[in-house]
Amino acid sequence: MTPDSIGFIGLGVMGEPMCRNLARKSGRVVYAHDLDATVLQRLAAVGVQSTDSAAAVMERASIVLLSLPSGEIVHQLAHQPDGLLAHAYAGQIVVDLGTSPVDTTRALARAFADKGVAFIDAPVARTRAAAEAGTLSVMVGADAATFERVKPLIATFASDIALCGPVGCGQVVKILNNMVLFETVVALAEAKAIAERAGVDPTLLFETLSKGSADSFALRSHGMKAMLPGDFPERAFSVRYARKDLAYALKLAQETGVDAKGARTVDAWYQAAIDAGLGDQYHPVISQLIGPSP
């Protein structure tokens, strides 16, 4: 282990730019691992040290950040025979930057605590462009002391950092953030379809909405930048990934006794998009199903 070193596991769409900002701004050695060797080669240009396994990252770093596709993958990587828990050591901090189920996060925190390790949740919000610019929003579930230790590192890739409560609370806030976003995207797709069929230019509609009480980040980003031009690329936040996060929201709603009808409506549209072969495209693509030409 190198004192004050950082580890980063998972260098995908969001992980790569976050790791790059860490290496550029933190002033610390960063050890990283990903299954894709090409991304490690790109990050070597900013001084990131490549490792051949997640275990090697755990052995070298005092603070390890995870940016993995799902809570299920985090759980698997933690518990496999040569996984994170097997190589964790007392005093270490593990930070989950992905979106994971609340119960999975809290169970992992208990398992790491048995090894003397602080496992905290710090899921990120906003886009890859924000990750590159260092302007992500991060919702943290941690005790105050651990939060203060990791906050300067998170600040290398985030402009808004909120301590939401103890472990798991960051996931609650992030999951609900996404649920509200997804429901808003459906509302925008419905409004666009209705406007077009009623003879109103959807560009005019969205521009006018942006000047009134219906203005939102979803309108300006997902509506104007994706729905209007019909731009739904792959390797963005796909329907499948959005549905994964929505499943966490529906699970949390069930556990808390809330009838989340709006979220279930979004889930039905996601299933329809997957059935139509659109599952790997940027999730506002559901607008093409909600408002096809009559």
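Me: At roughly what angle do the axes of helix 12 and helix 13 cross, and within what distance do they come?

Reply: General idea to begin with: two packed helices are described by the angle between their axes and the distance between the axes. The axes are lines fitted to C-alpha atoms, for helices over the stretch in contact, and angles run from 0 to 180 degrees between N-to-C directions. Here, helix 12 (residues 239-256) and helix 13 (residues 261-275) cross at roughly 150°, and their axes come within 10 Å. That makes helix 12 roughly antiparallel to helix 13; angles under 35 degrees count as roughly parallel, over 145 as roughly antiparallel, 65 to 115 as roughly perpendicular and the rest as oblique. The numbering follows DSSP runs from the N terminus, with helices being H or I of at least four residues and strands being E of at least two.

One caveat before we go on: this is a predicted model, where local features need pLDDT of at least 70 and side-chain atom pairs count only at pLDDT 80 or more, while totals for chains, interfaces and linings use all residues. Residues are numbered from 1 along each chain as its sequence is written, and side-chain values use heavy atoms, leaving out hydrogens and water.

Me: Which residues make the contact of helix 12 with helix 13?

Reply: Contact means heavy atoms within 4.5 Å. On the helix 12 side you get Val 239, Arg 240, Ala 242, Arg 243, Leu 246 and Leu 250. Helix 13 brings a list including Ala 263, Val 266, Asp 267, Tyr 270 and Ile 274. The residues of this contact split into nine nonpolar, one polar and four charged. For those classes, Ala, Val, Leu, Ile, Met, Phe, Trp, Tyr, Cys and Pro count as nonpolar, Asp, Glu, Lys and Arg as charged, and the others, Gly among them, as polar.

Me: Is the crossing of helix 12 and helix 13 left-handed or right-handed?

Reply: A crossing is left-handed if the near helix is turned anticlockwise from the far one by less than a right angle, and right-handed if clockwise. Helix 12 and helix 13 make a left-handed crossing.

Me: At what angle do helix 9 and helix 12 pack?

Reply: About 115°, with the axes 9 Å apart. Helix 9 and helix 12 are therefore roughly perpendicular to each other. Their crossing is left-handed. Val 172, Ile 175, Asn 178, Met 179 and Phe 182 of helix 9 meet Ala 242, Asp 245, Leu 246, Tyr 248, Ala 249 and Leu 252 of helix 12. Sorted by class, that contact has nine nonpolar residues, one polar and one charged.

Me: And how far apart are the axes of helix 6 and helix 9?

Reply: Helix 6 (residues 102-113) and helix 9 (residues 169-197) have axes 9 Å apart, at an angle of about 160°. That makes helix 6 roughly antiparallel to helix 9. The crossing is right-handed. Val 102, Thr 105 and Arg 106 of helix 6 touch Cys 169, Gln 171, Val 172 and Ile 175 of helix 9.

Me: Which residues of helix 11 are buried?

Reply: In helix 11 (residues 217-227), they are Ala 218, Leu 219, Ser 221, His 222, Gly 223, Ala 226 and Met 227. These pack against helix 9, helix 10 (202-209) and helix 14 (287-290).

Me: Last one: what is phi near in Arg 126?

Reply: Most residues other than glycine have a negative phi, and most peptide bonds are trans. In Arg 126, phi is near 95°, a positive value in a residue other than glycine. Arg 126 lies in the loop between strand 7 (124-125) and helix 7 (128-133). At 42% relative accessibility, Arg 126 counts as partly exposed.

Technical notes
Buried < 20%, exposed > 50% of the residue type's maximum accessible area, 1.4 Å probe, protein only.
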